[in-house]
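Work through the exercises below with the sequence and coordinates open. Each task is followed by a stepwise solution.

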Amino acid sequence: GVIYIFGISLTQLVADYYKERTILGHGVHNDLLDYFGSIPRTMFLLFMTISGGIDWKDAMDPLMDAGLLPSVLYSLYVGIMV
């Protein structure tokens, strides 16, 4: 349940950021869409974060481009789950 809730929230925030950047004619960090481009991808990343499959900082770096709220939300997830 926790992974699903955070997964939906982070995916939506990244989708909003992607839409905004696309309208302005700007690109986004490739890793951002690789990690947070869909709900299943985001949920898998969140699982990898707590199981040692990926260092949380590797996912945080591209996420920071999307703004403060997604970064804080991901940090909160890490803090709760680890």
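**Exercise 1: a nonpolar surface patch**

Task: Which residues form the nonpolar patch on the surface, and which helices supply at least two of its residues?

Solution. The model is a predicted one.
- Step 1. The nonpolar patch on the surface consists of Val2, Phe44, Phe47, Ile50, Leu76, Ile80, Met81 and Val82, and their accessible area together is about 740 Å².
- Step 2. At least two patch residues come from each of H3 and H5. Isoleucine 80, for instance, is located in helix H5.

**Exercise 2: the geometry and sides of H3**

Solution. 
- Step 1. With buried meaning under 20% relative accessible area, the buried residues of H3 are Thr42, Leu45, Leu46, Met48 and Thr49.
- Step 2. An α-helix has 3.6 residues a turn, so residues three or four places apart point the same way.
- Step 3. Exposed Pro40 and Phe44 are carried by the face of H3 turned away from its buried side. Phe44 is also a member of the nonpolar patch.
- Step 4. The cover over the buried residues of H3 includes helices H1 (2-23), H2 (30-36), H4 (56-63) and H5 (68-81).
- Step 5. After H3 comes glycine 52, with a positive phi near 85°.

**Exercise 3: threonine 49**

Task: Is threonine 49 buried or exposed, and which residues does it touch, leaving out those up to four places away in sequence?

Solution. 
- Step 1. Threonine 49 belongs to helix H3. Its relative accessibility is 9%, so threonine 49 counts as buried.
- Step 2. Beyond four places in sequence, threonine 49 touches Ile54, Trp56, Tyr74, Tyr77 and Val78.

**Exercise 4: the salt bridge**

Task: How many salt bridges does the structure hold, and which side chains meet in a salt bridge?

Solution. 
- Step 1. There is one salt bridge in the structure. In it, the side chains of lysine 57 and aspartate 61 meet at 3.1 Å, N to O.
- Step 2. Both residues are in helix H4, four residues apart, which is about one turn of the helix.
- Step 3. Aspartate 61 has 38% relative accessibility and so counts as partly exposed; lysine 57, at 43%, also counts as partly exposed.

Conventions:
Residues are numbered from 1 along each chain as its sequence is written. This is a predicted model: local features need pLDDT of at least 70, side-chain atom pairs count only at pLDDT 80 or more; totals for chains, interfaces and linings use all residues. Side-chain values use heavy atoms; hydrogens and water are left out. Buried means under 20% relative accessible area, exposed over 50%, partly exposed in between (1.4 Å probe, protein chains only). Contact means heavy atoms within 4.5 Å. Patches are made of residues with over 30% relative accessible area and no salt bridge: like charges are joined within 9 Å, nonpolar side chains (Val, Leu, Ile, Met, Phe, Trp, Tyr) within 5 Å. Accessible areas come from the Shrake-Rupley method with a 1.4 Å probe; for residues, only the protein chains shown count as cover. A salt bridge is a side-chain nitrogen of Lys or Arg within 4 Å of a carboxyl oxygen of Asp or Glu.
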